[in-house]
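Hi everyone, thanks for making time for this.

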Amino acid sequence: MTADGEIIHFDNVGLRYGTDREVLSDLTFTLHAGRFYFLTGASGAGKTSLLRLLYLAQRPSRGGIRMFGTDVITLPRAELPVMRRRVGVVFQDFRLVDHLSAYDNVALPLRVAGHSEQDLAGPVRDILEWVGLADRMDAPPATLSGGEQQRVAIARAVIARPAMLVADEPTGNVDTDMAAKLIRLFDMLNRQGTTVVVATHDLDLLRKVPDSLIMRLDKGRLSDPTGALRYPPRKLT
Ligand SMILES: Nc1ncnc2c1ncn2[C@@H]1O[C@H](COP(=O)(O)OP(=O)(O)OP(=O)(O)O)[C@@H](O)[C@H]1O
């Protein structure tokens, strides 16, 4: 994070896949630490593509991106994994490892980072408890409901305490009540200081986080270039 609380800055970013037309154009915005952002827009507007830029799964075709004060465009490839570890990711389809228990799925990022079993056991149990799955730790994903699987995925995304959590339609495969519960988890994380970016079609979710900032994509462009529109509307300070 930089001194003024910026965690990400996009400067005139464009993205095209292959030689096709641009799917994202002229994106200039700043995300600030500790805020909650919703990314909305019609199907095909470019939400997933923009999130992929945020979690460094994709490089832009043009423009500049600064993350945590570092220019990621010129960052050597070998340094990308360290930067990626600062961003947790949650997907609509959970993407859990089928043959691992809930516990082992959540432990995975800490094991990859080299933590000992002794050190990681406490945090993994604590976070599974926090998402309400203390009694399902040994369950393989296939035996969990969609909402339970998504809570494991959220626990896995935040176990290494990322500065930012990025979620792509995280409530797309759960019912309305579970969607509200998942958004409450994101909100709690945000209140503890994690910057949160959630892409969603579901405009009802936006009302559940009153202080959220809305980024609206329209055919690859941000219709509010400052990303500062609020929903419900609130006076800007
Ligand atoms: N790997 C790819 N190769 C080529 N074109 C792609 C690729 N991924 C996405 N696109 C195109 O980029 C555009 C934006 O897609 P993207 O998935 O980012 O939109 P979205 O807003 O997330 O859509 P949805 O809400 O339907 O998931 C679409 O026209 C899509 O067809």
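Let's start with strands E1 (residues 6-16) and E2 (residues 22-32), which run antiparallel and are joined by seven bridges. A word on terms: helices (H or I, at least four residues) and strands (E, at least two) are DSSP runs, numbered from the N terminus. Two strands pair if DSSP finds at least two bridges between them. Within this pair, Leu15 sits opposite Leu24 in E2. The hairpin of E1 and E2 has five residues between the strands, and there Gly18 takes a positive phi near 60 degrees.

Before I go further, please keep in mind that this is a predicted model: local features need pLDDT of at least 70, side-chain atom pairs count only at pLDDT 80 or more, and totals for chains, interfaces and linings use all residues. Residues are numbered from 1 along each chain as its sequence is written.

Back to E1. Strand E4 (residues 62-67) is also antiparallel to E1, through five bridges, and here Asp11 faces Gly64 in E4. E4 in turn has two bridges to E5, again antiparallel, with Arg66 opposite Asp71 in E5. Put together, that is an open sheet of four strands in the order E2-E1-E4-E5, with antiparallel pairing. E2 and strand E5 (70-71) stand at the edges with a single partner strand each, so one side of each is left without a neighbour in the sheet.

Now to strand E3 (residues 36-41). Are its residues mostly covered or mostly open? Mostly covered: six of its six residues are buried. By buried I mean that 20 or more other C-beta atoms lie within 10 Å of the residue's own; exposed means 12 or fewer, and partly exposed is in between, with C-beta atoms placed from the backbone. In a regular strand the side chains alternate between the two faces of the sheet. Both faces of E3 are covered, with Phe36, Phe38 and Thr40 buried on one side and Tyr37, Leu39 and Gly41 buried on the other.

E3 runs parallel to strand E8 (residues 195-199), with four bridges, and parallel to strand E9 (residues 213-218), with five. Leu39 is a handy landmark, as its bridge partner in E8 is Ala199 and its partner in E9 is Met215.

Another parallel pair is strand E6 (residues 87-91) and strand E7 (residues 164-168), joined by five bridges. Val87 stands opposite Met164 in E7. E6 is mostly covered too, with four of its five residues buried.

That brings us to the core. A nonpolar core here is a set of buried Ala, Val, Leu, Ile, Met, Phe, Trp, Tyr and Cys residues joined through C-beta atoms within 7 Å. The largest one has 61 residues, and Val106, Leu165 and Val166 touch the most other members. Which residues does Val166 contact, leaving aside its neighbours within four places in sequence? They are Leu51, Leu54, Tyr55, Val87, Val89 and Val197, where contact means C-beta atoms, placed from the backbone, within 7 Å.

On to the ligand. The residues around it are Tyr17, Val23, Gly41, Ser43, Gly44, Ala45, Gly46, Lys47, Thr48 and Ser49, each with its C-beta atom, placed from the backbone, within 6 Å. Helix H1 (residues 47-54) gives the most to this shell, with three residues. Tyr17, from that list, is found in the loop between E1 and E2, and counts as exposed because it has 11 C-beta neighbours inside 10 Å. Tyr17 and Ser61 are 44 residues apart in sequence, yet 8.4 Å apart in space, C-alpha to C-alpha.

Most residues other than glycine have a negative phi, and most peptide bonds are trans. Asp26, in strand E2, has a positive phi of about 50 degrees although it is not a glycine. Lys219, in the loop between E9 and strand E10 (221-222), likewise has a positive phi, of about 45 degrees. Asp26 is partly exposed, with 15 other C-beta atoms within 10 Å, and Lys219 is partly exposed with 14.

To finish, the overall picture: the protein has seven helices and eleven strands, and 36% of its 237 residues are buried. Thanks, and I'm happy to take questions.

Note on methods
Two residues are in contact if their C-beta atoms, placed from the backbone, lie within 7 Å.
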